[in-house]
Amino acid sequence: MDLTWSGDEDAFRAEARAWLNVHLAEWRAEHGGEPASGDTRDGFAQHLEWERRLFADGWAAVSWPEQHGGRDATLWEWLIFEEEYYRAGAPPRVTQNGIFLLAPSIYEFGSPEQQAGILRRMAAAEDLWCQGWSEPNAGSDLASVTSRARRVDGGWVLDGQKTWTTRGAFCTHLFGLFRSDPASVRHKGLSYLLVPLDTPGVTVRGFGRLDGDEGFAEVFFDEAFLADDAVAGGVVLGEPEQGWAVAMATAGSERGLTLRSPGRFLATAERLIALANERGDTGLQRRAATAWMHADAYQQHTLATVTKLAAGAKPGAEASLTKLWWSELDVELHRVALDLLGPDAEVEGPWSKGWQFALSGPIYAGTNEIQRNIAAERVLGLPR
Amino acid sequence: MRFALSDDQVAFRDAVRELLDKEATPAVVRAAWTAPEGELDRGVWDSLDAMGVLTVLVPEAEGGLGLDETFLVPILEEAGRVALPHPIVETAMVAAPLLGAGVGMVASDLGGPIVPCAADADQLLLRWGHTLAVVDRDAVAIAPVATVDAGRRAGRLTHDGTGTPLSDDPAVVERALDRGALGTAAMLVGLGQAMLDLTVNYASERQQFGQPIGSFQAVKHHLADAALALEFARPAVWRAAWSVAHDVPTRARDVSMAKAMASDAAEVVGRQALQCHGAIGYTVEADLHLYLKRTWALARTWGDVAHHTDRVAAALGAAL
């Protein structure tokens with residue numbers, strides 16, 4: 001074991017911290033101190049300005065190769081950047097579903113042409129990607145999707161409906177699962193398609209999440225013709241009919257490390273401790289300390305996970321345990337904060353907003369009930 | 001940064017595991033429940049001693065292995081996994097760095113007023129005020145205590161303060177308490193692992209409604225919760241091992257976090273393990289109770305969850 005950072009890693013941290021402090025202050029000042037929520041139309045535009053600042057200086061996707069807009073950072077440096085990012089109070093990444101969910105699958109399954117055509121524009125926040133998996137009748141039971149892709153000369157014809165598409169109303173592209181073999185059932189016969197949302201026949205309707213922001217959308221496909229060259233390098237990620245395998249790789253990123261690194265929870269835990277200390281003898285200090293420990297344990301667990309990944313291991317079913325931990329952790333952190341705030345908890349603010357968002361954690365990325373099934377069957381080996 | 005055991009640490013741990021699987025069977029633990037005072041069988045203890053386990057933390061020049069807590073903690077997890085009745089935390093983790101090699105079996109009141117293996121030990125490591133002292137067993141009156149886990153072989157001690165003082169330095173006492181809490185946290189992780197493994201096996205075999213009960217979601221979710229608690233307590237314990245080995249400024253906070261989380265995790269696992277075993281778990285015939293009762297005891301010795309959580313809160317700046 002060696003739980004110290006190297007001189008290079010310390011230098012990387014210092015560079016990230018300095019950059020974030022300067023540029024966050026500038027960006028905030030441009031928007032009158034506090035920009036609007038990234039899940040509203042105006043706020044999203046403000047957040048895109050932030051994303052483009054990140055890209056301009058190579059911070060949008062630090063672990064990517066330089067040619068795709070990153071800075072070839074190691075996994076360790078990525079982790080350090082995330083810590084510094086959230087410690088500095090930087091905003092949620094409105095590009096996250098592209099950079100942290102789709103991109104790992106583009107690296108794993110995409111052709112060189114797709115990688116060249118998609119990744120850099122994604123990092124630059126020129127193309128904005130949203131996820132088109134869930135349907136009105138396919139949530140936890142994702143393999144029951146019925147949206148169809150019919151093969152025609154030069155492309156695909158899409159029909160059906162996707163929903164719960166985060167920031168779909170503000171994005172430019174969708175990555176989705178479509179049934180391309182009409183005779184298929186369940187996991188077979190699905191294709192993973194990349195779809196520009198301005199394709200004729202595609203309609204997007206935004207609607208309010210629990211907190212009222214227009215963070216959700218439903219996406220309708222009505223005889224929409226998706227040309228093979230609508231996305232550089234081709235619109236199918238992986239092979240046609242092999243979409244389930246690609247989707248499961250994306251889900252691994254969603255549940256595991258990349259989407260929800262410890263940095264954001266550590267930052268919330270530090271804010272919680274500050275709130276608890278400021279409120280004095282509330283009788284809640286012990287609960288605040290417990291929540292803080294759970295956040296710190298996530299950090300320690302992640303250091304162990306990254307040690308394995310850095311040695312070449314592939315993320316496995318353990319990602320289900322990780323997802324259970326961070327999602328329940330987020331609820332716990334905010335719950336204690338609301339109790340500390342007492343009657344003030346109902347006032348609109350970062351804690352009440354964060355509380356509502358935290359409650360989505362046990363639902364999205366595969367409900368925690370599904371995660372418990374996966375953990376029991378594939379980590380513990382219980383019978384199916 | 002490298003958060004993993006080294007090849008040497010894994011090899012050492014696995015060798016200890018193999019030994020314990022052979023020599024610290026449930027039958028050996030059960031024998032400890034009934035052996036007369038002062039007559040705890042030392043077969044497995046002597047084997048551990050021969051492997052060097054008891055002197056991991058003693059410098060090589062003094063006849064030990066000269067290794068640190070990151071070696072010993074994974075071994076103590078293994079000791080927990082078999083519910084080893086002998087006072088291995090007191091001896092190998094707490095006394096060895098203070099007393100050196102060749103001190104035999106050591107019992108101590110540092111973990112609390114109920115002293116495990118009090119009458120079986122060769123020496124006693126006792127505290128009064130800021131004084132730590134080695135006291136001859138015969139200089140102390142030992143009143144046996146009937147505990148829920150009779151494998152604790154516990155006693156209450158009365159002594160007159162005579163003995164060989166080791167130190168009057170509060171920092172030495174603090175360090176000894178931190179080592180004890182860390183070692184006990186490791187034992188609790190091992191106990192949790194043992195109960196989880198037992199229950200996964202049982203739930204995979206036991207049939208009701210024509211199928212293994214482990215195929216039912218209600219049972220799966222209990223065991224997933226148990227696995228979750230353990231999965232995230234273990235890194236906290238390993239990190240604390242590093243913090244003690246390197247005496248980092250956050251040592252006390254890290255040890256307390258480890259003990260609080262390991263105590264919680266083992267109790268969560270124990271509760272789910274008992275529930276998923278059903279009535280067979282609620283007997284002294286099934287082995288589960290050996291681990292369950294040890295868990296209840298260890299979760300509240302060397303400081304309970306409240307004590308250690310308060311210590312973390314204080315380290316984070318709370319005015320308590």
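Here is a short tour of a predicted model, stop by stop. Residues count from 1 along each chain as its sequence is written, and chains are lettered from A in the order in which they are written. Local features need pLDDT of at least 70 and side-chain atom pairs count only at pLDDT 80 or more, while totals for chains, interfaces and linings use all residues.

Start with chain A and colour domain 1 (7-94), domain 2 (129-243) and domain 3 (256-379); the bounds come from an automatic or database domain assignment. The centres of domain 2 and domain 3 of chain A, taken over C-alpha atoms, sit 30 Å apart.

Now bring in chain B. Here 39 residues of chain A are in contact with 37 residues of chain B (C-beta atoms, placed from the backbone, within 7 Å). On the chain A side, select α7 (262-279), α8 (285-310), α9 (319-341) and α11 (368-379), the elements that give two or more residues. Helices here are DSSP runs of H or I, at least four residues, numbered from the N terminus. α8(A) gives the most, with 15 residues.

Last stop: in chain B, pick α5 (residues 88-99) and α6 (residues 170-205), which pack at about 155 degrees with axes 9 Å apart. Axes are lines fitted to C-alpha atoms over the stretch in contact, and angles run from 0 to 180 degrees between N-to-C directions. α5(B) and α6(B) are therefore roughly antiparallel (over 145 degrees). To see where they meet, show side chains including Val89(B), Met93(B), Val94(B) and Leu98(B) in α5(B), and Ala176(B), Leu182(B) and Met187(B) in α6(B).

Notes: Parallel < 35°, antiparallel > 145°, perpendicular 65-115°, else oblique. Contact = placed C-beta atoms within 7 Å.
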